[in-house]
Amino acid sequence: MQNNGDREVILRVKHLKQFFKIGGQKLKAVNDVSFDVYKGEVFGIVGESGCGKTTTGRSIIKLYDITSGDVIFKGQRVSAGTRWNEKEIKYTKIRLKQKLAQLKEERTEELSECADDEDLKVKINNKYDNLEVDEIKKAYDIINAEKERIRAARHDQKYGERDYAARKVLEVKEKYGPLLADASNEELPKLKKEYNNELRLAKKDRVMTKMQMIFQDPIASLDPRMTVKEIIAEGLRIRGYRDNKVIEEKVYEVLELVGLVRDHAGRYPHEFSGGQRQRIGIARAIIMDPELIIADEPISALDVSIQAQIINLLNDLRKERNLSIVFIAHNLSVVKYFCDRIAVMYFGKIVELATSEELFKHPLHPYTKSLLSAIPLPDPEYEKDRVRINYNPISAHDYSVEKPTLKEILPGHFISCNTAEFEQYQKELRNEK
């Protein structure tokens with residue numbers, strides 16, 4: 001597992017791309033998104049509808065096969081796309097061919113100018129031979145690196161989870177080996193039963209069970225034909241649990257943890273309110289004892305008073321269980337209260353990323369300013385004079401010469417910009433101080 005200073009990175013998303021084919025066109029829903037999520041923090045993703053927030057969450061948890069990039073969870077690559085690597089190999093070969101053709105033309109031109117000077121011709125030929133060798137070497141270094149990424153990605157896709165289970169099996173054997181050897185005749189049957197049970201669970205263990213999702217719509221995400229008990233216990237049964245008493249107790253325990261009661265276990269989803277259904281969705285995620293939860297707009301379909309209850313519940317669970325949360329939302333007021341760091345997305349890209357305090361104190365990107373200007377406050381006098389800032393990317397940026405990249409303008413504060421904009425934002429920060 002990788003660390004950033006003293007902070008442990010539980011999730012690393014690197015150059016994530018998620019493209020969809022619509023007819024003959026390509027929709028770039030998520031286009032080169034990178035970020036880290038630290039252990040125990042709430043990482044917020046905000047933006048308007050259609051900006052790629054939900055697609056990012058679904059891609060991370062493998063509901064979609066990603067087009068390109070890497071998703072690394074607990075130090076293990078859980079998802080990898082190879083299509084971009086394959087294209088990089090193709091384009092590198094095209095670029096090499098063009099460069100060699102250009103060098104050939106330059107060589108011919110220089111040789112034609114040196115007339116009958118044989119020594120000069122030898123020097124020119126040696127120079128261009130070396131240049132061609134260098135260009136071929138650079139290209140094949142890139143090609144070999146991309147091929148290695150493809151090989152590693154395909155290996156992880158095929159064997160990663162199996163290797164994780166094998167490590168868990170080894171841990172169980174190492175734990176119970178000495179215990180079984182030293183056990184008395186009276187203790188041995190019970191210990192063997194425990195060992196066999198844990199060994200069966202270890203064989204079915206997957207790193208992805210430590211990542212769970214809470215969906216936006218609590219009605220559509222619950223099977224109407226299953227009772228609450230069956231819905232919550234489904235993950236445990238897939239995981240390998242067989243003892244009905246153990247499953248039942250775990251279900252009751254997690255129901256009480258999310259603010260419901262045992263009697264609710266035998267009911268169906270349609271018998272509950274929206275807030276209660278969302279609590280059932282949270283219970284379904286929590287029962288798997290996850291380390292990371294992706295909460296996809298978990299409060300947007302709820303009343304305001306219920307929203308506060310769900311947020312407080314997630315906050316309590318986060319502290320009690322040391323959970324990390326990727327919190328996807330529209331409501332910037334909620335995100336400000338709940339999240340440690342916030343990524344602002346627009347049109348499939350992250351345009352600004354900073355701590356919650358820093359983002360609200362020093363918003364720099366025009367789109368971030370536009371979002372913040374839309375937040376209403378319960379103050380009639382302020383609302384009379386509140387001016388909405390409209391964001392038009394065509395007039396706000398000039399990327400005809402240099403394309404934007406994510407640059408760190410302050411420690412931990414990243415913004416999508418080119419060099420000219422970066423200098424402008426630095427000047428803006430100096431003026432504020």
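**A buried arginine and some helices**

Guide: Let's start with Arg 239, whose side chain reaches the backbone oxygen of Leu 201 at 2.7 Å. This is a predicted model, where local features need pLDDT of at least 70, side-chain atom pairs count only at pLDDT 80 or more, and totals for chains, interfaces and linings use all residues. Residues are numbered from 1 along each chain as its sequence is written, and side-chain values use heavy atoms, leaving out hydrogens and water.

Visitor: Why is Arg 239 called buried?

Guide: Buried means under 20% relative accessible area, with exposed over 50% and partly exposed in between (1.4 Å probe, protein chains only). Arg 239 has 17%, so it counts as buried.

Visitor: What does Arg 239 touch?

Guide: Touching means heavy atoms within 4.5 Å. Leaving aside residues up to four places away in sequence, Arg 239 touches Leu 201, Ala 202, Lys 204, Asp 205, Thr 209 and Met 288.

Visitor: Which helix is Arg 239 found in?

Guide: Arg 239 sits in α5. Helices here are DSSP runs (H or I, at least four residues), and strands are E runs of at least two, numbered from the N terminus.

Visitor: How do you know what span to expect for helix α2?

Guide: The expected span is 1.5 Å times one less than the number of residues. Helix α2 (residues 83–113) has 31 residues, so 45 Å is expected. From first C-alpha to last, α2 reaches 46 Å, close to that value.

Visitor: Which residues of α2 are buried?

Guide: They're Asn 85, Ile 89, Thr 92, Leu 96, Leu 103 and Arg 107. Their cover includes β6 (76–82) and α3 (118–182).

Key:
Polar contact = N/O pair within 3.5 Å; in protein donor to acceptor, adjacent residues only side chain to side chain.
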